[in-house]
Amino acid sequence: MKITDTADVWWKTAVVYCLDVETYLDWNGDGCGDFAGLAQRIDHLADLGVTCLWLMPFYPTAERDDGYDITDFYGVDPRLGTHGDLVEVIRTANDRGIRVIADLVVNHTSVEHPWFQRARQSRDDPFHDFYVWRDDEPPDTSDQVVFPDQENSVWTYNEPTGEWYLHRFYKEQPDLDVTNPRVRDEVAKIMGFWLQLGLSGFRVDAVPFFLETQGADPDLPDPHEYLRDLRSFLGRRTGSGVLLGEVNLPHDQQRDFFGGDDGDELTMLFDFIGMQAMYLSLARADAAPLVEALTERPFVDPDSQWATFVRNHDELTLDKLSEDERKEVFAAFGPEERMQVYGRGLRRRLPPMLDGDPRRVRMVYSLLFSLPGTPVLFYGEEIGMGEDLSAEGRLAVRTPMQWTSGVNGGFSPADPDRLPGPVVSGGFAPEFVNVADQRRDEDSMLSFTKLLIRRYRESPELGWGSFRVLEQPHAAVLAHVCEWDDGTLLAVHNLGPEPRTVPLRLDGCDASHRLEDLLVTQSTGIGEDGAVELTLDGYGYRWLRVVSEDSRRLL
C-alpha cells in the first residue's frame, strides 16, 4: 500500500511555466535574454501564480537546434550568464514558492561536443561507443526522420572511421547509446550536478528516442528498467523531484512510460493526444473528439500525473490525428502553407489562430485549467502573444517576450538586428499586447489568466480527483465534473458560437446544495432530483462549485 502525502506530490496541482532565457528579458543590453533579466521577472511569475518554472536549454550550444544541440552538459551558455546567475534565479524563485526544472536533453549531443569529436576520429577511442554506429550502408530511412524538410536519412557517414552514425534529429545531433553503461553513468552525473545546484527535476526531452536501442544487443535489459533507475536516482537525490516526459505515443504505450501499475518511471507525461483532440474539437465546434481522448486516458498511479497544454515550445503537432482530421484543423487554424510545418503541425500561437476573438481565446484557457491534470503554459500565453511567421520553422513562436509598448517590446534596448529573433508585428505587436498595459487592466488577458490560476490552485480536485463527463444534449458543449475528498467542481464549456441552455443532473445533489460560480459572482440552485439548467453564451464557460449547507470551504 502506498501512502501519499499530497504536499510532497506538489506536481499534481502545480502551474508550470516554460520559457527560453534567451528570449525572455535582456538585462545587460547586448540583445540576448539572460539570467539576470529572468531574475528581475520572477515576481511577474509569482504574481501570475506560477509554481514551477521550466527552463528550456541554457547549456553551451552550437546553435543548430535552438539550444537542443548541447556541447557541454555541465555548462551555462555564456551569453545567458554564469552558474552563479542561474543559482540566483533558482534561489529567488524558491523564495517566491516557485520550483525550477530544466530540460534534460540526453538522447543526443552536438557534433561539436568533445565526446563526439573524439568518437568520430577512431573506433578505438573510449568515447566511440558512446554513440550508435553501423558499418554497412543504411537503407532508405527517410520515413524515420523527425525533421523531414531538413534531413532525408537518420544515418550520416563519418569519413575518419568509415561508419555511419545514428541521428533521429539533425545530422548535427548524433544519438547517444543508452545501452552503454558509461553513458548511463554520465546521465546520472548530469542529473546529480544540476539537482545539487537546486533544480527540482527535469523535463525529459524526446524520451522514446532516448530509450531507443536500435542496433544494440537484443539480450540487453529492457530500456524501461533504465528509466526506473533514473526515477530511483532522482528520488534518492531529492525526494520530491519530478521527471516530466515528452512522450508523444498512443495511450497504451504512454502508460508504459509511467511505469505501468507501479508508476515508478516518469512522474508526468504531456497529454499530446488530448491536446490534438482539443484542436479537432475546436475546429468542428464539437466536444466529442476531446471527450473521447480524455475518457480513453489509461489509468495511472495516483502519484503520477498528466500535463495538459494548449501549445508547447515546438511545433503544434497533429501527428496523432488522421490525415483527414489534420486537414480539418489546418483548414480552420492554419490554411496557409507557411503556417504549417513538417506536414504534421502548426507553427502558430492560439490567439492568431482564433482571429484574436477574446471569447474563444478565454474559453480555451478556461478549458485548459479545468481539465484533469497539471496545466503547462508557454511564455507569453498569459498575455495572448502572437507569432511571427517570417521566422524560420519553430522559431515563429519563440519571439522575444513583450513587456511594454516601447522599443523591442521592452525586451532589450539593443538594435533589433542583435535580438535572437524579430519582435512580433501587426495586430499582436507590443503596442497592442504587452505585460505593462495588461497589469493595469482588470479585463485583460493577464488578469483573466491570474483568475484562472487562482481558482485552479483553490480546486485540488482538478489535480487529484476523478473525472466524469456529464450527459447533455448539445454537441458543442463539454460538461464535466472532477471530484476529490469533499470537493466537486463542475465545468461547462461551449465550443460553438451559439448560446446554449444546458440541462444537467448532478448525482448525489438535491435542493440542499447550490452551485457557486467561481469566475463571476453568481449562485444557481439545484432541484430535489439534482437537476439544474445552466446558460452559456457563444464560446461561454463556467466553473461551478457544488456547495452544501454545511460547507466550510472559502469561495
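Modeller: Start with exposure. Buried means under 20% relative accessible area, exposed means over 50%, and partly exposed lies in between (1.4 Å probe, protein chains only). This is a predicted model, where local features need pLDDT of at least 70, side-chain atom pairs count only at pLDDT 80 or more, and totals for chains, interfaces and linings use all residues. Residues are numbered from 1 along each chain as its sequence is written, and side-chain values use heavy atoms, with hydrogens and water left out.

Colleague: Is D529 buried, exposed or partly exposed?

Modeller: D529 is partly exposed, with a relative accessible area of 45%.

Colleague: Which side chain does D529 meet in a salt bridge?

Modeller: Side chains of opposite charge can pair when their charged atoms come close. The cut-off: a side-chain nitrogen of Lys or Arg within 4 Å of a carboxyl oxygen of Asp or Glu. D529 meets R505, at 2.9 Å from N to O. The two are 24 residues apart: D529 sits in the loop between strand 20 (523–525) and strand 21 (531–536), R505 in strand 18 (residues 500–505). R505 is partly exposed too, at 47%.

Colleague: How many salt bridges are there in the whole structure?

Modeller: A search finds 41. In one of them, R203 pairs with D205 at 2.8 Å between the closest N and O atoms. R203 is buried at 1% relative accessibility, and D205 is buried at 7%. There is also a network, linking D65, D66, D314, E315, R344, R394 and R398.

Colleague: How do I read the strands?

Modeller: Helices (H or I, at least four residues) and strands (E, at least two) are DSSP runs, numbered from the N terminus. Two strands pair if DSSP finds at least two bridges between them. Here eight strands form a closed barrel, in the order 1-2-3-7-8-9-10-14, with parallel pairing. Take strand 3 (residues 99–104) and strand 7 (residues 201–204): they pair over three bridges. L104 has V204 as its bridge partner in strand 7.

Colleague: Is helix 15 mostly covered or mostly open?

Modeller: Mostly covered: ten of its 13 residues are buried. Among them are M445, F448 and Y456. The elements covering the buried residues include helix 13, strand 14 and strand 22 (541–548). Contact here means heavy atoms within 4.5 Å.
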